[in-house]
Amino acid sequence: MTERLSIGELADAFDSLIALSDVDRRRWLARDDLHADDRARLARMLAADAQAEDRFLDEPALVHAQILNENQPTHVEPAALVGQQFGAFRLERLIGQGGMATVFLARRSGADFEQVVAVKLLRRGLFSAVEQKLFRRERRLLASLNHPNIARLIDGGITEAGIPYLVLEYVEGLRLDEYVGTHRLGVRARLELFVRAAAAVEAAHRALIVHRDIKPSNILVSTDGTPKLLDFGVAKLLGEDGDNHTLTAALTPSYAAPEQIGRGPITTAADIYALGVVLHELLTGSRPTGPDAGPPSASIASAQQVSRLSPPAPAPHLRRVLRGDLDTIVQRALHVRPEQRYPSVAALIDDVQRYLDGRPVLAHPPSRWYVLRKFLRRNRLAAGLAGALLLALVASLGGALWQARATRAEAMRANSVRDLLIDVFKTAEQSQPEGSRVRPEDIIDVGMRRVLDDRNLPDESRLEFVGALATVASTMGAYAQMDTLTRTGIDIADRRYTVGEDPYTTARRQRAEALIHLDRPSEAVALLEPMRDNLLASDTRAAYEALMVLSVALDRRGEAGDGSLQLIRRLRERAVASSMLPPEVVLQVMITESDQLAAKHRFKEALERGEAAEKYWRDHELPVSSEILWLYEGIGNAASSLGDAALGEAAYRSAITLSERIHDRPHRETAWFVGLLGSYLVSLGRVDEAEPYVLRGLAMRRQLYGETAKETLFAVGALSRLRAVQGRREEAIAAIDEGIDACRRQSIDSEACVRLLQTRSRLRLPTGDIAGAKVDIEAAIAMQKRVSGDESAMIANQYAYLAEVQRREGRYAESVATADKALALMQRFGAGHWADTAVARLQRAWSNLELGHAQAALDEIADAERAFSEASPQNVKMRVTMKHVAASALARLGRSDESQRAAAEALQLAGSDAKVEPEVIATLKRLAAGTAAN
């Protein structure tokens, strides 16, 4: 006998049916396993909904509309709105409807460019307090979100007829469940798609927004496979109270967390639960029957609930795949108690990614053998350790085991390989305390000792073993170990191979990488340069990888000219055209070129190359790796330097998220990206947000690098700038003095030390120590010339700050000339960070004003202030200073009324900001009062 649906199941069925076509609805209702009473109830509900469509705009809205427009019809159907204008957009066709809103395809009219959008109309007017709150909240929340996996808000408003609307990015694609079914995605592809969709939820949570209605119909997947999170209609800000009860009816029961159904406090845990339901559905083809439904693998044979999804694999195979880690992940996300779920969406994403990477999932109870088993299976370290060791070593000697006529010597060598492998893993495991994970560092130590001491290993196997350990040492930042291993590798390669053979090339490439890490790029160049012609004549992976390292070594050596860029550009052109290279090598070449362009401050080209590399990565569905982290850093550097603050910040945050996903412990890459984001937020004037990143980045770098490494010195400079912006000048000076002393003691010439000198110069100016500021900035310029040459994009920003020192000395003509030189270098190389550009333009305008060229000063500063305010609206000090120059120029030109208004605006912007220099405030007050001398 067919069982009746529960109330929740009935509501869930209606939610799915409402979005289907009439034909699909009738087909579903005709199912044999549907109880007759449920069929009748659902039919009545659908009929009631259809009648409601005749009252698309409820009566209160129509009454209000008639007051505004007597010609407004008394009944409006959705189809009748096609062709009408909503803001700048004309509705073209209906594309979707639900319980609270209807969505139309629309096109911008009367514009000289094409723009297709989705216009969302609320099904009711704004005359209910709840609906007013929902509408205002959704528009506000969408405006605050900027993420590639969230459909962005373009416009919104209320028409004269009282119809509220939102204009959203149009996503051409399928809802999540339809997409995975249509494309017949397997388990891995579904998990990868889930990770990208969940990243949008994680981004919303970072903005303190809880979505509260996550389900497949609110996740569209575009034709290129990009998921987009939609419909923030019932979302809320964390800390916002008072709507848990009023919004319960707007939720989807099958995806709502127990606390939502029970009207308890709503936190980000509610979205984590909904993501757990979505993940369960993606993996099994059905939704869980409730919070206590048991593991997904146990539900494979149970009756399917209403769903558009089919399972990704046959039931027996799927149960085997789900048992273990995937069951554990889903069950933790679906825990009935919010505090027992994942602490964040990022943690859920991390565990799914760990499963995909073959690493231990953190939701799994700690177990020494579980972690060891996962360690041996994981892809990345297996490629560097277990895979390289077992495949390279055992395969190289495998013939001795499989051939009946193997000699006794071959058998002995095979036994030595076997014993070495067993001993490496056994010793590393025994060295760990009970219940802890195996550390790759320990395996490197044990492996290095054994490979150097074991006389039974043949050279071929020893070189493979050394190379694998050196690769892992490099990824972990164990450069002293890498140094020893690569020197051994060179000795073996020289003894066993000749120029042109891949093992010979690879050994030299790894040694050059070690030398670069050890800040000895000239030695790296000397090692690889003699091989350049032979490498360029080859189309092997080993040759491309060696040439990439050579280009990096040339760049790090700091010679004048574009030798490194010419090499990497030539390499990229060949790689893209090659049909022989694996996609991951082509991607690596593209990333290397983007990185080098960004390092040379050629930001426009760097951004173009970086975005091309990111597209290549996504198009070829390549895995996440450390190279992708540096790709995002390059994109972030280029975008932020060109003034695209949103793209820059998003790229830096993506690098942190991916780094924390790849590295399950404090790591050099994570430390770098955390500090980088902190420095960037300081440059934007967002000091409260910046401080935890700056402090965490410095602490991690001190722990990982030591006090005098250039990476740590960069972080010291960031701390000093943060303290200066916070008005804690003594702390700022103390930090910077410590860093500069370290540079001098170690005789370090590096970009880090240049930045420290520049920062101290900036700190000295407000105290009146112009002589000291001049000494520091000139020392910074001299060091920058030694690092990058006399004519480089990197020296342009130093000239910008020298121009300020010259202006304060009263050398106005020299200041203008120096600012001109800085701006010319920036333009010549397509470079120049927007903040440095702003400094140069401010000094040129200010010095021109002092020279009596008021109109030139006004023209310059008006454009510069507008550009700077767009890039960094929170940097009040710089904006007020620029407005001060503009108001002074207007006064000099006799435009007193305009000068007074400009000064008043500047004072209002300054408010009580103690960071604006007192003499600037004093001048603005005189200008606002009309008492300043022309």
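Which residues of helix 31 are buried? In this predicted model, they are Glu711, Thr712, Leu713, Ala715, Val716, Gly717, Ala718, Leu719, Ser720, Leu722 and Arg723. The legends below begin with the whole protein and then turn to close-up views.

**Figure 1. Overview of the predicted protein model.** The protein contains 41 helices and 11 strands. Of its 934 residues, 53% are buried. When contacts between residues at least 6 apart in sequence are considered, 62% of them join residues at least 24 apart.

**Figure 2. Helix 31 and the helices around its buried residues.** The buried residues of helix 31 pack against helix 29 (668-683), helix 30, helix 32 (729-745) and helix 33 (751-764). Among these buried residues are Leu713, Gly717 and Ser720. Just after helix 31 comes Gly727, which has a positive phi of about 85°.

**Figure 3. The packing of helix 30 against helix 31.** Helix 30 covers residues 687-705 and helix 31 covers residues 710-725. The axes of the two helices are 9 Å apart and meet at an angle of about 155°. An angle over 145 degrees counts as roughly antiparallel, and helix 30 and helix 31 are therefore roughly antiparallel to each other. Their crossing is left-handed. On the side of helix 30, the contact is formed by Val687, Ala690, Glu691, Val694, Leu695, Leu698, Arg701, Arg702 and Tyr705. These residues meet Glu711, Thr712, Phe714, Ala715, Val716, Ala718, Leu719, Leu722, Arg723 and Val725 in helix 31. Sorted by class, the contact of helix 30 with helix 31 has 13 nonpolar, one polar and five charged residues.

**Figure 4. The packing of helix 11 against helix 12.** Helix 11 (residues 325-333) and helix 12 (residues 345-357) have axes 10 Å apart, at an angle of about 175°. Helix 11 and helix 12 are therefore roughly antiparallel to each other. Helix 11 contributes Asp325, Leu326, Ile329 and Ala333 to the contact, while helix 12 contributes Leu348, Asp351, Val352 and Tyr355. By class, the residues of the contact of helix 11 with helix 12 are six nonpolar, no polar and two charged.

**Figure 5. Helix 20 and the residue Asp519 that follows.** Helix 20 runs over residues 502-517. At 1.5 Å a residue, its 16 residues should span 22 Å, and the end C-alpha atoms are 22 Å apart, in agreement. The buried residues in helix 20 are Tyr504, Thr505, Ala507, Arg508, Arg509, Gln510, Arg511, Ala512, Ala514, Leu515 and Ile516. Asp519 follows helix 20 and has a positive phi, near 60°.

**Figure 6. Leu193 and its contacts.** Leu193 is found in helix 7. Is Leu193 buried or exposed? Buried means under 20% relative accessible area; Leu193 has a value of 6% and is therefore buried. Leaving aside residues up to four places away in sequence, Leu193 touches Leu176, Tyr179, Val180, Leu185, Val221, Gly225 and Pro227. Of these, Gly225 is 32 residues from Leu193 along the chain, yet the C-alpha atoms of Leu193 and Gly225 are separated by 8.1 Å.

**Figure 7. Ser888 in helix 39.** Helix 39 comprises residues 876-892, and Ser888 has its place there. With a relative accessible area of 11%, Ser888 is buried. Not counting residues up to four places away in sequence, Ser888 touches Leu849, Thr923 and Leu927.

**Figure 8. Arg184 and Glu621 in their loops.** Where does Arg184 lie? Arg184 is in the loop between helix 6 (176-182) and helix 7 (187-206). Its phi is near 50°, which is positive although Arg184 is a residue other than glycine. The relative accessible area of Arg184 is 77%, and a residue over 50% counts as exposed, so Arg184 is exposed. Glu621 lies in the loop between helix 26 (603-619) and helix 27 (626-641). The phi of Glu621 is near 50°, again a positive value in a residue other than glycine. At 71% relative accessibility, Glu621 counts as exposed.

Technical notes:
Residues numbered from 1 in each chain as written. Predicted model: local features only at pLDDT ≥ 70, side-chain atom pairs only at ≥ 80, totals over all residues. Heavy atoms only, no water. Helix = DSSP H or I, 4+ residues; strand = E, 2+ residues; numbered from the N terminus. Buried < 20%, exposed > 50% of the residue type's maximum accessible area, 1.4 Å probe, protein only. Contact = heavy atoms within 4.5 Å. Axes fitted to C-alpha atoms, helices over the stretch in contact; angles between N-to-C directions. Parallel < 35°, antiparallel > 145°, perpendicular 65-115°, else oblique. Left-handed = near helix turned anticlockwise from the far one by under 90°. Nonpolar A, V, L, I, M, F, W, Y, C, P; charged D, E, K, R; others polar. Expected span 1.5 Å × (residues − 1).
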